[in-house]
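Subject: Handover of a structure and its analysis

Dear colleague,

Please find below the structure that I am handing over to you.

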Amino acid sequence: PMQVTDVRRSCGCLEAYPPERVLQPHESGEFTVTMNTAKFTGPNAQTIYVTVGPQYVSTAVLRFQANSLADVMLKPGQVLFGQVAQGERATQAVTLEYTGKQANWTVTGVVANGPFDVDVSEPVRPRLLLGGPTKATVTVRLKADAPAGPLADVIQLKTNDPASPVIPLAVR
């Protein structure tokens, strides 16, 4: 039997959610790690140390890298469907805000390999005098025929911005 007994993070930008139960031989569990990119700008690499035991103690070192874009914000930062009954559909909208200098910024395509449909609204640009971010809405719909069990995927939003040509959107 094995259980996560300790988690140490090198940065407050990392959060770890280990399985809470004891795993028996040949069982698996989900260990989720999130990195809050709002807490830094530019490239960042951090480490989590995960200790398991109690009978045989071992520590794994997990390294995470991200590049936080100061001119792109997703609100909320990911799609969280929560528990959805088998055969049901679920929908969540995410607001994509762009504060960069490219006047004609837009999402040019979507790469989604999971059991969902994705729509992106046309960007709404602020009036020149008022300023503010360009906004688009990303709507993600879980298909009714999605397989049972946990879902963890990433939707790639392609843009016409050479500085950030792809914006990842996590789906759980």
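Two strands are taken to pair if DSSP finds at least two bridges between them. Please note that this is a predicted model.

On that basis, Val94 has Val138 in E11 as its bridge partner. The two strands concerned, E8 and E11, run antiparallel and are joined by 9 bridges. E11 also pairs with E10, again in the antiparallel sense, over 5 bridges; here Val118 has Val140 of E11 as its bridge partner.

The side chains of E11 alternate along the strand.

Which residues does Leu96 contact, leaving aside its neighbours within four places in sequence? They are Val72, Met73, Leu74, Trp105, Val107, Thr134, Lys135, Ala136, Val138, Leu157 and Ile167.

Cys11 and Cys13 are both buried, and they form a disulfide with their sulfur atoms 2.4 Å apart. The count of disulfides comes to 1. The torsion about the S-S bond of Cys11 and Cys13 is about 135 degrees, and the disulfide is therefore right-handed.

There is also an open sheet of 3 strands, in the order E1-E4-E5, with antiparallel pairing. Strands E1 (3-9) and E5 (58-68) stand at its edges; each has a single partner strand, so one side of each is left without a neighbour in the sheet. From one strand to the next, the twist averages 25 degrees. E1 and E4 (residues 42-53) run antiparallel and are joined by 6 bridges, and Asp6 stands opposite Thr51 in E4.

Yours sincerely

Terms used. Residues are numbered from 1 along each chain as its sequence is written. This is a predicted model: local features need pLDDT of at least 70, side-chain atom pairs count only at pLDDT 80 or more; totals for chains, interfaces and linings use all residues. Side-chain values use heavy atoms; hydrogens and water are left out. Contact means heavy atoms within 4.5 Å. A disulfide is a pair of cysteine sulfur atoms within 2.5 Å. Buried means under 20% relative accessible area, exposed over 50%, partly exposed in between (1.4 Å probe, protein chains only). Helices (H or I, at least four residues) and strands (E, at least two) are DSSP runs, numbered from the N terminus. Axes are lines fitted to C-alpha atoms, for helices over the stretch in contact, and angles run from 0 to 180 degrees between N-to-C directions.
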